[in-house]
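Dear colleague,

Please find the structure below, together with its sequence. My notes on it follow.

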Amino acid sequence: MDYNQLAVNLLDAKQLISSLGAIGLLAIIFAETGLLVGFFFPGDSLLIIAGVAASNAASSVLGDGAKLPIALLLTGAPIAAIAGAQLGHLIGAKVGPRMFDKPESKIFRREYVMKAEEYFTKFGPGKAVVLARFMPIVRTFLNPVAGTLEMPARTFFLWNVVGGVLWTESMLLIGYFFGDALAPVIDKYLIPAVLLIVLLSISPILVEVLRERRKKKAGGVEAVGDTVQSGGGRHRRG
């Protein structure tokens, strides 16, 4: 077995789908959202290419005679994504505190929990869980962090379902309906297209971050101005 080729294929959405098919795709979606070691899988690219591979342009992606069943994808992908996230939440609830309290760990760090807690507080649990679906790596780690922060299982499940359905169905349908246009340029433009989708999905977060920075800068300027005025007064009184 060529292990170098296998390592490359794990990061190549087209190769993964060609090799593993629809069931393999669903297993990867589950692993990316549920198993903490699955953060490196290209979930967005996989879903878009799977949509193309289920369209009339399937032969351009997988070769002659190969086509993925769209009904299975539209049904199985959200189930896999939701089940995976629920597993991640359960792992966080059961072993999260011990997992994120290891100072030597380079992956499960306590600061991630603290940042996620700020994220939940600022945007609310619903928006946080839904938006995380569209952010690579974040959608893997947010689930156990939510469990670690003791986010109620029912609340997490509700927003997990909303986010899981929106993410998988939107990516699949983009590939399915625009398959003919995407197939000829999929190798060249897929990554930029996915990045654009990710940027659009997290734009509310970016806007909020910019607002916070402006508030902090404005507050800093006011504080400096008050100090200067106060200092000048003391100097004159002296």
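Helix H3 (residues 43-53) is mostly covered, with 11 of its 11 residues buried, buried meaning under 20% relative accessible area with a 1.4 Å probe and protein chains only. Among the buried residues of H3 are Asp44, Leu46, Ile49 and Val52. Helices here are DSSP runs of H or I with at least four residues, numbered from the N terminus.

The model is predicted: local features need pLDDT of at least 70, side-chain atom pairs count only at pLDDT 80 or more, and totals for chains, interfaces and linings use all residues. Residues are numbered from 1 along each chain as its sequence is written, and side-chain values use heavy atoms, leaving out hydrogens and water.

On the surface, a patch of positive charge is formed by Lys122, Arg211, Arg213, Arg214, Lys215, Lys216 and Lys217. Helix H11 (residues 203-237) supplies the largest share of the patch, six residues. Arginine 211 lies in H11 and counts as partly exposed because its relative accessibility is 49%, the partly exposed class lying between buried and exposed, the latter over 50%.

The whole structure holds one aromatic pair. Tyrosine 176 and phenylalanine 177 form this pair edge-to-face, at 5.4 Å centre to centre and 75 degrees between the planes; pairing requires ring centres within 6.5 Å, and edge-to-face planes over 60 degrees apart. Tyrosine 176 is partly exposed at 30%, whereas phenylalanine 177 is exposed at 59%.

Yours sincerely

Technical notes. Patch = residues over 30% accessible without salt bridge, like charges linked within 9 Å, V, L, I, M, F, W, Y side chains within 5 Å. Areas by Shrake-Rupley, 256 points an atom, 1.4 Å probe, with all protein chains shown as cover. Salt bridge = Lys/Arg side-chain N within 4 Å of Asp/Glu carboxyl O. Lys, Arg positive; Asp, Glu negative; His and termini not counted. Charge placed at Lys NZ, Arg CZ, Asp CG, Glu CD. Helix = DSSP H or I, 4+ residues; strand = E, 2+ residues; numbered from the N terminus. Phe/Tyr/Trp six-rings, centres within 6.5 Å; stacked < 30°, edge-to-face > 60°.
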